[in-house]
Amino acid sequence: MPCASRSDELVFFVNGRKVMERNVDPEGTLLTFLRKNWTLLSKSWLLRLTGTKYACGRGGCGACTVMVSKHDPVSRKIRHFSVTACLMPICSLHGAAVTTVEGVGSIKTRLPPVQERIAKSHGTQCGFCTPGMVMSMYTLLRNHPQPSEEQLMEALGSNLCRCTGYRPILESGRTFCMESNSCQQKGTGKCCLDWGENDSSPLGKKSEICTKLFAKEEFQSLDPTQELIFPPELLRMAENPEKRTLTFYGERGTWISPGTLKDLLELKVKHPKAPLVLGPAMKSQGHFHPVLLSPARISELSMVTKTSDGLTIGAGCSLAQMQDILAERIAELPEEKTQTYRALLKHLRSLAGQQIRNMASLGGHVISQHCCSDLNPVLAVSNATLNLISAEGTRQIPLNEHFLAGLASADLKPEEILESVHIPHSQKWEFVSAFRQAQCQQNALPHVNAGMRVLLKEGTDSIEDLSIAYGGVGAATISAHRSCQLLLGRRWNELMLDEACRLLLDEVSLPGSAPGGRVEFKRTLVVSFLFKFYLEVLQELKKLVKLFSVPVGALDSRHHSEVSDQFLSALEDFLVTIPQGVQTYQNVDPHQPLQDPVGRPIMHLSALKHATGEAMFCDDIPMVDKELFMALVTSSRAHAKIISIDVSKALELPEVVDVITAEDIPGTNGAEGDKLLAIDEVNCVGQIICAVVAETDVQAKRATEKIEITYEDLEPVIFTIKDAIKHNSFLCPEKKLEQGNVEEAFEKVDQILEEVHVGGQKHFYMETQRVLVIPKTEDKELDIYVSTQDPAHVQVSVFYFKHPHQQDHLSCKTSGWRFWREGRKTSCIRGDCSCGTGHPIRLVLDREDDMLITGGRHPVFGKYKVGFMNNGRIKALDIECYINGGCTLDDSELVTEFLILKLENAYKIRNLRFQGRACMTNLPSNTAFRGFGFPQGALVTESCITAVAAKCGLPPEKIREKNMYKTVDKTIYKQAFNPETLIRCWNECLDKSSFYSRRMHVEEFNKKNYWKKKGIAIIPMKFSVGFAATSYHQAAALVHIYTDGSVLVTHGGNELGQGIHTKMLQVASRELKIPMSCMHISETSTATVPNTIATAASISADVNGRAVQNACQILLKRLEPIIKKHPEGTWEDWIEAAFEQRISLSATGYFRNFLNQCAFLQGLGESGMFLGSSVFFAIADAVATVDIAEDFMVQSPATPERVRMACADRFTEMRPRELSMWIHTWQIPPAEGYSR
């Protein structure tokens, strides 16, 4: 337990400012300290640097990236490195300098190049992730003022968000890079941007299009001398380090930072259970430790020793430092000695992200003994040694299977610590390789990884020693020791390979119910990795034969051991390539006035504030007086009766104010079937049961753990669509559309095909659900600050508490791309608490709760029956779609309707029947998502088209073209449709992409390569924008002109990053004929524009723009007499005259009509979501070239597991048959499962 002694003083710098803190919480992180630091003595905010964002809380998104600078005692240089503040323990920063996005620059003072360029390159949307992007690039530039493109890619690899398409972010970074051949066509001698006026450019006529979104020459140059220096005080501290032990006491725990190795070893004797904390280790464990020991100040743990037989790396070295150490050693030594180092370096490049590698230590990675460790399998097979030290002395233990299994006889003693790891050199005729397969190449835990080493008898292919270790296939890293022993003395040939596969599958046993699932896939990877290693060694043997003139006979076996040219592609890894692309847009008319901004690439109004972290999001609003915090208590059962809720223990905790249950809600507690707080029964895991209100967010969260809920499980528990169909569990009546005579058409076709298709997607927006509610007690009003797409809907929901709309004022801050329906419940509950307590209430969901409570895109189960002629012409199509709606209706009925309406996509098929049902399951309610059902439905349709192409033996694009709309006709929903634009877009895409030429290259590549395949696809899309209900096609705006001539605009649309505020000012600027600089736009508020419509369906800019236009035209109409009378006057003169003549300078604009004329002008937004389907079908096209069953199907999402298992070969068939009955029983299929 922490004692009452006074803490030592924590000293570090933030943005050049010294921070001295005694009241530091050992459990606290740098992110919390930066955003919410509050000094009790002065009652004033010390830092409140909210540019560093909270998003995932696990170091996986990069939104909280900051730069840390430290003096390296070994190299005696200043190290600048990026870290994720959400994982950086605040107590670990003694003697460090922290730079946040606010310390880089500000719109109020100085805007440096890195912030200027990402803003002016259009590299921001909502801006929530932008500060993290800026800090990653800034840190890179501090270390490499002229980085390579590869370094830029690596620096940004841990910044997860890609909502801008990523191209403009990279383009801003590329302006700092050395010149490169970024254009793919430059290899042919001509860049796509260098075509002359008479050339047939693939981009169209040069005079009509433009590709430059910014002028690089207008950017200020990078001047490293203008950056913050490392504080001289910290430099003095580092050069004359304090040797005394620093201790920081918290409410529950104690952080101890010894100054010498001797002190650390004595502390380990005193606190044998206390973990050593370097970097993010304590966060990842998820356990509470009353005492934490930090060896960060002990230089002995960061020492690197080079010896004749190997390399010894200090346990305190970060993984990023280890990368540099290995790269340096590889450059110094002959290749034969660096096999292990190369394998480790390969894994380090893909292990987590750069920020995590900068924080995590080698010692922490090894000691964690994580089952998915990327380095431990390689270290184990390379005979690495762990150098341990304690107060009693030193000893060495092998890093082998016994250590990795956690056996007490082979593990560290409680009083010991890991001092260093010794990695021996490889030797001649020894080969070491590392393999991993993850969901993606970066920032993902591996499904399976492996380290493999073989030593061959010199001059032969006979196995002298063999080591194989796997991660991800058990509770710990598994060594295949028995199999390796049985293979000693065998020749390195196919007979050995077959025997090795059989032995490995027997020894590395994976039962069908193994935790983590994917059993078939993992077993396939176990033998696939071995095969790849087998090929790699054969290739190396081939080199050795030439290099050392080894007699060929010594390496021959009765089976040919040469690697076929077709098999060589198996040796090539998929490299992370630099994205290539060119954005084009139409030039404005040369006669358009220069001050008219419409059609010009105007920078996002908030872009500079995004880049400097000064854009205000909901949780960035400063704390208000008497503010309380809320935390939610959710159901742990999928379907159960609530027997009792005991809140007594929670209320006993200090600083806890109240616990709100359904009984405390004065109104109706939501709608029937969709209660805000559960009453009597819960219908999904994550359903909100009650809420805790406390004086701090920490106490509120701790109190939720004290609430005891007793359940009685109910049946049935329905998770999947198939279960819902079985139990007839639906949320709404069936939706159906039909045209022609489907049954008659089926009788007249050449072929009929019936298949099913499944797909789904999770929500992962950057900004979690959050809201601030401030009551005005004198008038019973509520000011609600919430990031939402539909403020009016939230306002209506607050009415559940018998609170009239006119007393609820919703203000919408910039939203971090969240989705509108899911914010309703949390906003309502906070509104009730504010009314009940009279205090402001703030709630910020952490990532776990946000993912638990909110649903995602509706998974779809589609069954289709298609009748077609042998030439590919489709005569009849019958599709039945079921969506997983979750436990409440929400938007599921609307999504079902939209899905059915759009199922025909771009195809004119005379005989159609579409049916849709929304299934009720015991999962969180799925909701509106970009595309609103269209992507799922169109994926079913396009899968049908692909299947028809396969049956007819024709390319899919030919079937698509044959069945497309050709002439003006009516759609299945009776709307007249002219396909002229569709046909033109299709032909232009084929032409500009050189599609058929690419198709030939793909086919040629696939003929030459057995283990690697390419695919190509082109997908048409017909997407009608707008809502099904015409009442949603309306908007209002309010425009004020002030007497100084300035203009204030507000409207009903919400800024989600799409730039709607920028567009509204462009419209107003054109109409009023004054510069945008004379205008300002106010945040969306129900107090200025009531009854707003959700910002969705790709029409918000259109309808709100019309409303702004209408308001401006009303004002101009009023000003018209004055302008006619004084045509030579200025804008300011006219406004002043209007005021003197008592002419109103405020107008409400309104628009209430909408025509679907924009359907083919949508490149982004709702329709753009489906553009990614071309990648899915290109993958399917590649899989189709494999020699597999005729009726194969790649399901959505096309995960590595599904793609690999669709490509049947001898390795996928090596699975024991007796396991097949167990394979899928342990979990819900990924498309519908909600892993918690």
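Buried means under 20% relative accessible area, exposed means over 50%, and partly exposed lies in between (1.4 Å probe, protein chains only). The model is predicted, so local features need pLDDT of at least 70 and side-chain atom pairs count only at pLDDT 80 or more, whereas totals for chains, interfaces and linings use all residues. Residues are numbered from 1 along each chain as its sequence is written, and side-chain values use heavy atoms, with hydrogens and water left out.

**View 1. Glu27 and Arg252 form a salt bridge (a side-chain nitrogen of Lys or Arg within 4 Å of a carboxyl oxygen of Asp or Glu).** The N to O distance is 2.6 Å. Glu27 lies in the loop between strand S2 (17–21) and helix H1 (30–36), and Arg252 in the loop between strand S9 (246–249) and strand S10 (254–257), so the pair ties together parts 225 residues apart in sequence. Helices (H or I, at least four residues) and strands (E, at least two) are DSSP runs, numbered from the N terminus. Glu27 is partly exposed at 30% relative accessible area, and Arg252 is partly exposed at 31%.

**View 2. Lys1012 pairs with Glu572 in a salt bridge.** Their N to O distance is 3.3 Å. Lys1012 is buried, with 10% relative accessibility, whereas Glu572 is partly exposed, with a relative accessible area of 43%.

**View 3. A salt bridge links Glu893 and Lys735.** The closest N and O atoms are 2.6 Å apart. Because Glu893 lies in helix H28 (residues 892–901) and Lys735 in strand S30 (residues 735–739), the pair ties together parts that are 158 residues apart in sequence.
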